[in-house]
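Colleague: Can you walk me through this one? I will ask as we go.

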Amino acid sequence: MILALESSCDETAAAICAADGRLLAARVSSQADIHRRYGGVVPEVASRNHILHARPLVEQVLSDAGVTLADISAFAATSGPGLVSSLLIGASMAKAMAVAEGKPFFAVNHMEGHLLSPFMEGAGPVRANVSLIVSGGHTMLVRVRAAGDYQLLGKTRDDAAGEAFDKTAKMLGLPYPGGPEMDKQAALGNPRAFAFPRSFLDGRSLEFSFSGLKTAVLYELPKLDLASPAVLADVCASVQEAIIEVLVEKLALAARQCGEKLVTVSGGVSCNRGLRARLASRCAEEGLTLLLARPDLCTDNAGMIAFAALQHFLSGRASPLDADVDPNLPLVA
Ligand code: KG4
Ligand code: ZN
């Protein structure tokens, strides 16, 4: 069994996974209600709340799984990318438990956690695929040859897809975090009501850019009656449509370029219902097999960190105890 902690941003999470990858216990303590009043995550507040929640969460997952610390074979934590003061809490605690129990420690890249999450809960073992990771801080296309063997195909030049959701939602007066609110509103609106820009859809580029979308929404704002629920829903549906179209088409293009039939999508934005539906229909058209994680495993969680650590464990790649956290840790060196 591997016990993992995740504390890269504003969710404190702990989980235990079994040697076969099954999730035995997983808990997330969200700080969204705390940060909502500031309109975004305040790093100092986040790290103080991680300190408050980390130990009770570990005690809870041990009790949920019906085991004690002595039953755990290895400890893991996210070591980056993320907020440095937040990363330090989970990493220090996992290392302390590893030292106290005399067990190995695994430092896990948060993006690798997302990347492998579609293979959790019975979909494994990890196989070759082309992967789209869409989170709050990152948007990238990755070619996975096997667990631990990754090639970056393309990433965003500016905002991440989650940021595009969150920033446009904020402009429209929706509460933080904007992505899930946009998803709700979009379901009620017309995705063709506004023609927002789709960047880099031409040609063979696997890079993304979402800052033009943000600017287009900003210019549209003075003309909009956002007090009208129908107008708000139409703008949200059109913004979401612009984001979805770029993501889905670039994933299909990447799969074609790599000659790969298995595609996976992960990260918080992959919870989006419109995106999930479009991925399913587009992948069927393209003859692609699509793997998506369960929605609660798409947003930040420690189960995905335990699962990624298990792949390191299986290949004998333990981390030294002086392995530092790195707010800019790259997925591919
Ligand atoms: O992966 P994640 O939980 O954290 C990071 O690693 O960043 O992703 C968070 C992002 C946020 O931008 C949030 O607004 C977005 O995922 N998100 C969504 C939805 N649920 C979460 N975006 C669109 N629709 C959703 N349903
Ligand atoms: Zn994440």
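Modeller: One term before we start: contact, or touching, means heavy atoms within 4.5 Å. Also keep in mind that this is a predicted model.

Colleague: Fine. Which residues does Thr 78 touch, leaving out those up to four places away in sequence?

Modeller: Thr 78 touches Leu 5, Glu 6, Ser 8, Leu 87, Ala 91, Val 108, His 110 and Ile 305, with residues up to four places away in sequence not counted. Thr 78 sits in strand E4.

Colleague: Is Thr 78 buried or exposed?

Modeller: Thr 78 counts as buried, because its relative accessibility is 2% and the cut-off for buried is under 20%.

Colleague: What does the side chain of Thr 78 make a polar contact with?

Modeller: With the side chain of Glu 6, at 2.5 Å. Glu 6 belongs to strand E1 and points one way from it together with Ile 2 and Ala 4, while Leu 3 and Leu 5 point the other way.

Colleague: How many residues of E1 are buried?

Modeller: 5 of the 5 residues of strand E1 (residues 2-6) are buried, so the strand is largely enclosed by the rest of the structure.

Colleague: And what does E1 pair with?

Modeller: E1 pairs with E2 and with E4. Strand E2 (residues 11-17) runs antiparallel to E1 and is joined to it by 5 bridges, and a hairpin of 4 residues connects the two. With E4 the pairing is parallel, over 4 bridges. Ala 4 has a bridge partner in each: Ala 15 in E2 and Ala 76 in E4.

Colleague: Switching to the metal. What coordinates the zinc ion?

Modeller: The zinc ion (ligand 2) is coordinated by His 110 through NE2, His 114 through NE2 and Asp 300 through OD, at 2.0 to 2.1 Å. The spacing of these donor residues in sequence is H-x3-H-x185-D. His 110 is in helix H4 (residues 110-116), whereas Asp 300 is in the loop between helix H10 (295-298) and helix H11 (303-314); the pair is 190 residues apart and links distant parts of the chain.

Colleague: Are His 110 and Asp 300 buried or exposed?

Modeller: Both His 110 and Asp 300 are buried. His 110 is also one of the residues that Thr 78 touches.

Colleague: What about ligand 1? Which residues come nearest?

Modeller: There are 19 residues around ligand 1, and those that come nearest are Gly 136, Asp 166, Asp 183, Gly 268 and Asp 300. Asp 300 is also a zinc donor.

Colleague: Now the open sheet. What is the strand order?

Modeller: The order is E8-E7-E6-E9-E10, 5 strands with mixed pairing. Strand E8 (149-155) and strand E10 (289-292) stand at the edges with a single partner strand each, so one side of each has no neighbour in the sheet. On average, neighbouring strands are turned by 25° against each other, direction ignored.

Colleague: How do E6 and E9 run?

Modeller: Strand E6 (residues 129-134) and strand E9 (residues 262-266) run parallel, joined by 4 bridges. Ile 133 stands opposite Ser 266 in E9.

Colleague: Which strands do helices H8 and H9 lie across?

Modeller: Helix H8 (residues 229-258) lies across E6, strand E7 (139-146), E8 and E9, at about 155° to E6. Helix H9 (residues 273-286) lies across E6, E9 and E10, at about 160° to E10. Ala 252, in helix H8, is buried with a relative accessible area of 3%. Among its contacts beyond four places in sequence are Glu 286 and Leu 288.

Technical notes. Residues are numbered from 1 along each chain as its sequence is written. Chains are lettered from A and ligands numbered from 1 in the order in which they are written. This is a predicted model: local features need pLDDT of at least 70, side-chain atom pairs count only at pLDDT 80 or more; totals for chains, interfaces and linings use all residues. Side-chain values use heavy atoms; hydrogens and water are left out. Donors are N, O and S atoms within 2.8 Å of the metal (3.2 Å for Na, K and Ca); water is not among the atoms, so sites may look incomplete. Buried means under 20% relative accessible area, exposed over 50%, partly exposed in between (1.4 Å probe, protein chains only). Two strands pair if DSSP finds at least two bridges between them. Axes are lines fitted to C-alpha atoms, for helices over the stretch in contact, and angles run from 0 to 180 degrees between N-to-C directions. A residue is near a molecule or strand if one of its heavy atoms lies within 4 Å of it. A polar contact is a pair of N or O atoms within 3.5 Å; within protein, one must be able to donate a hydrogen and the other to accept it, and residues adjacent in sequence count only if both atoms are side-chain atoms.
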